[in-house]
Amino acid sequence: MTRRVPPKPPVRGASPIGIAVRDRRSHYCAAVGIKLARWEAATDVPLIVAAVLFLFAFALPILWWPTPPQLALICEVVVWCTWAVFACDFVVRVCLAHDRLRYALRHWFDLIVILLPALRPLRLLRLVTVLSVLNRRASTSLRGRVTTYVISAALMLTMVGALAVLDAERGTPDANILTFGDALWWSVSTMTTAGYGDLYPVTALGRSVAVGLMICGIAILGTVTASLASWFIERVDEGDRDTKRLIKEVEALRAELRALPRRPPGEDSD
């Protein structure tokens with residue numbers, strides 16, 4: 001009597017309907033990714049322009065003190081218009097993403113930058129979104145991206161720190177950072193962790209800016225050190241590869257010489 005073998009359960013997704021659904025989903029994800037990439041490529045230059053306008057509108061009332069009321073109003077309108085540009089870009093990118101919640105969580109810093117409180121120094125963090133734009137346009141090599149990040153972040157942090165601390169310290173009776181030149185010198189010395197101590201913030205907001213600038217400065221120095229170490233290691237590896245290649249070529253030449261027919265001793269050459 002033969003034993004009856006129960007039929008195997010159908011493999012999930014192996015049916016024509018499952019395959020069609022899976023193919024349709026993959027095509028949908030690919031189409032969504034293409035749309036998102038096209039949007040990011042199309043908005044790179046407008047976002048950089050908006051960031052420059054924002055920096056100009058934020059810095060002008062600080063550098064031009066006291067600021068005329070009409071100019072202050074125009075700068076405030078420009079600041080909020082650039083904020084609207086960044087907010088619209090983030091909303092569109094989230095809508096174009098396949099998994100919107102996951103995309104928003106992965107780009108949490110962009111969301112925090114958009115939802116910043118009304119404190120003026122904290123608004124400058126919106127300029128950090130420019131680094132993501134520069135990252136998309138940077139070289140595909142790791143060193144190219146690191147170089148772009150370091151140079152852009154160093155210049156941006158120096159300017160941002162100077163403007164933020166000057167805006168926070170101005171008007172305080174015991175303040176010693178009174179001009180943009182003082183603020184710029186303080187920003188450079190703080191970011192490089194030199195800390196001469198001749199200039200220092202006295203307000204709570206100014207000290208908060210100092211803490212953030214110190215942390216970012218240490219991170220930039222660490223990135224520079226790691227990049228230089230990687231460059232030296234790569235140079236040493238290239239030297240080792242060249243040496244190994246020369247050794248192989250010499251061994252190949254020796255093998256060819258040994259393979260040549262030897263001339264009997266005493267035979268005169270023609």
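View 1. Helices (H or I, at least four residues) and strands (E, at least two) are DSSP runs, numbered from the N terminus. This is a predicted model, where local features need pLDDT of at least 70, side-chain atom pairs count only at pLDDT 80 or more, and totals for chains, interfaces and linings use all residues. Residues are numbered from 1 along each chain as its sequence is written, and side-chain values use heavy atoms, with hydrogens and water left out. Of the 270 residues, 30% are buried (under 20% relative accessible area, with a 1.4 Å probe and protein chains only).

**View 2. Helix α2, residues 69–96.** Count along this one and you get 28 residues, spanning 41 Å from the first C-alpha to the last. That's close to the expected 40 Å, which is 1.5 Å times one less than the number of residues. Its buried residues include Leu71, Cys75, Phe86 and Phe90.

**View 3. Thr190, a residue of helix α8 (residues 180–191).** Is Thr190 buried or exposed? Thr190 counts as buried because its relative accessibility is 9%. A polar atom of its side chain sits 2.7 Å from the backbone oxygen of Trp186. Leaving aside residues up to four places away in sequence, Thr190 touches Ala210, Leu213 and Met214 (contact means heavy atoms within 4.5 Å).

Note on methods. Buried means under 20% relative accessible area, exposed over 50%, partly exposed in between (1.4 Å probe, protein chains only). A polar contact is a pair of N or O atoms within 3.5 Å; within protein, one must be able to donate a hydrogen and the other to accept it, and residues adjacent in sequence count only if both atoms are side-chain atoms.
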